[in-house]
Amino acid sequence: MPWFKAEKQPDGTMVWDHWQWYGKGPKHDPDDILPNGHRDICSIYYPLIGPYDGRDPDVLEYHMLTAKVAGIDGFVADWYGPHSFADQVFGAMVAAAERCRMRLAICLEEKSFFPPYSQAKTRAEAMDVMTAQVEYVLARYARSSAYLRRNGLPVLFVFAGWEQTGLGPNTFSPEELTAIMRRFQDHRFLYVRGGVDFRYTDSARGCYLWSADGRPRDPAYKEACAARKSGQINYWVGGVCPGFNDAGVWGWGNGPRITDRRGDKEYRESWQDVLTYRPDAVQIITWNDFGEGTTIEPAEPYGFEFVNLTEQFVARFTGRRAYLKDNRWPYRIFQLRRKIETLPEGPDRKAWTRSVDRFVEALIGGRRWFMEHRLISMERALAGGGK
């Protein structure tokens with residue numbers, strides 16, 4: 001989720017976004033400090049690194065590296081159009097992904113094509129909004145070496161709208177979507193739509209299955225398998241989710257919705273479905289949606305439990321060997337970066353930055369031999385004052 005802001009102002013105050021909740025239900029103000037020393041954020045979980053700004057290069061490095069060492073290949077970012085805050089974050093994500101050799105894709109929000117998110121006054125204008133968003137992504141991001149491609153085509157996920165506005169449903173009909181896709185015959189991309197709906201498969205040749213709502217997954221998986229086998233779609237993405245709890249935002253003002261994690265059983269069972277049905281890819285729902293409590297990003301109180309569990313299941317899905325010993329290294333690297341920032345400007349600070357950069361490059365390149373010793377040595381030296 002590229003919508004988290006924690007921006008310090010010249011006067012020392014903070015500007016927050018998506019860490020606070022002032023709507024119906026209990027209020028959460030990150031400027032308030034709780035008895036345990038945490039900021040009062042709108043989540044039942046608390047990120048191990050604390051509430052962060054999505055543009056922070058140290059945060060992005062930590063996210064990319066933590067995911068990478070656990071066997072995750074990349075991130076799909078929920079995106080709300082050109083020049084939005086999410087767009088600023090995604091631009092920074094691209095730079096981090098290129099360095100960390102990770103993949104990225106954008107998930108368009110269908111509701112953003114319609115009012116109040118856009119200025120469209122007709123459905124035809126809403127179609128133009130989507131066209132402009134896709135053109136922007138293809139021109140600005142899809143050429144990056146980090147952007148996800150499938151059979152040579154850049155992949156765009158779409159989270160389908162469901163509400164009604166003055167223009168009718170906040171989702172395009174199959175006919176409207178077909179008309180939009182015809183505009184891109186010379187610049188093709190793979191449209192991956194949530195769920196299996198055979199009315200859309202002429203245009204949406206991919207689908208992903210959302211599993212954050214606790215509904216039985218078997219029927220949707222069987223449907224997706226059949227559609228893939230028959231050639232109606234050529235890419236389908238399964239979904240695994242540890243649970244859901246949006247009490248922090250009071251169900252976005254409508255009262256909490258909860259799918260209990262049951263420890264780690266919910267996550268294990270969703271992975272088991274993936275191993276049974278073998279989709280083309282797996283979407284983890286989610287890395288860091290703290291508002292809805294679907295996170296696997298290291299957080300209190302569960303720590304690295306879900307990152308470690310993810311690596312074990314990735315190994316079963318892909319055949320990649322699981323190696324859990326390095327999963328905390330990116331967190332320790334993040335702490336080193338923060339410690340270096342406290343050093344006075346000068347040669348020592350630059351030298352330490354170069355040392356950590358070299359360690360990160362080695363980690364990205366797959367090196368593990370003697371790395372733990374190097375990390376411990378850096379930690380001890382910096383704890384002693386940076387000499």
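Modeller: Let's start with Val-360, which has a relative accessibility of 0% and so counts as buried. Keep in mind that this is a predicted model. Val-360 lies in helix α10. Apart from its neighbours within four places in sequence, Val-360 is in contact with Glu-61, Leu-65, Arg-99, Ile-333 and Arg-337. Take Glu-61 from that list: Val-360 and Glu-61 are 299 residues apart in sequence, yet 9.1 Å apart in space, going from C-alpha to C-alpha.

Now for the helix packing around that spot. Two packed helices are described by the angle between their axes and the distance between the axes. Here the helices are α9, residues 329-341, and α10, residues 347-364; their axes come within 10 Å and cross at roughly 165°. Angles over 145 degrees count as roughly antiparallel, and α9 and α10 are therefore roughly antiparallel to each other. The crossing of these two helices, α9 and α10, is left-handed. On the α9 side, the contact is made by Trp-329, Ile-333, Leu-336, Arg-337, Ile-340 and Glu-341. On the α10 side, the residues are Arg-349, Trp-352, Thr-353, Val-356, Asp-357, Phe-359, Val-360 and Leu-363.

The structure holds 29 aromatic pairs. One of them is Phe-159 with Trp-210: the ring centres are 5.4 Å apart and the planes are at 85°, so the pair is edge-to-face. Phe-159 lies in strand β7 (residues 153-159), while Trp-210 lies in the loop between β11 and α5, so this pair ties together parts that are 51 residues apart in sequence. Phe-159 has 23% relative accessibility and counts as partly exposed; Trp-210, with 31%, is partly exposed too.

Another pair is Tyr-221 with Tyr-277, whose ring centres are 5.3 Å apart with planes at 70°, so that pair is edge-to-face. Tyr-221 sits in helix α5 and Tyr-277 in helix α7 (residues 265-277), so to speak distant parts of the chain, 56 residues apart. Tyr-221 counts as buried at 1% relative accessibility, and Tyr-277 counts as buried at 17%.

There is a cluster of rings as well: ring pairs link Tyr-45, Tyr-267, Trp-271, Tyr-302, Phe-306 and Phe-313. Phe-306 has a charge over it, with the charged end of Arg-261 sitting 4.8 Å from the centre of the ring. Elsewhere, Arg-193 lies over the face of Tyr-200, 3.7 Å from the ring centre.

Most residues other than glycine have a negative phi, and most peptide bonds are trans. A cis peptide bond joins Ile-285 and Thr-286, with omega about 5°, and Thr-286 is in the loop between β15 and β16. The bond from Glu-300 to Pro-301 is cis, with omega near 10°; Pro-301 lies in the loop between β16 and α8. His-83 has a positive phi of about 65° although it is not a glycine, and this residue, His-83, is exposed at 68% relative accessible area.

How values were computed: Residues numbered from 1 in each chain as written. Predicted model: local features only at pLDDT ≥ 70, side-chain atom pairs only at ≥ 80, totals over all residues. Heavy atoms only, no water. Phe/Tyr/Trp six-rings, centres within 6.5 Å; stacked < 30°, edge-to-face > 60°. Helix = DSSP H or I, 4+ residues; strand = E, 2+ residues; numbered from the N terminus. Buried < 20%, exposed > 50% of the residue type's maximum accessible area, 1.4 Å probe, protein only. Lys NZ or Arg CZ within 6 Å of the ring centre and 35° of its normal. Axes fitted to C-alpha atoms, helices over the stretch in contact; angles between N-to-C directions. Parallel < 35°, antiparallel > 145°, perpendicular 65-115°, else oblique. Left-handed = near helix turned anticlockwise from the far one by under 90°. Contact = heavy atoms within 4.5 Å.
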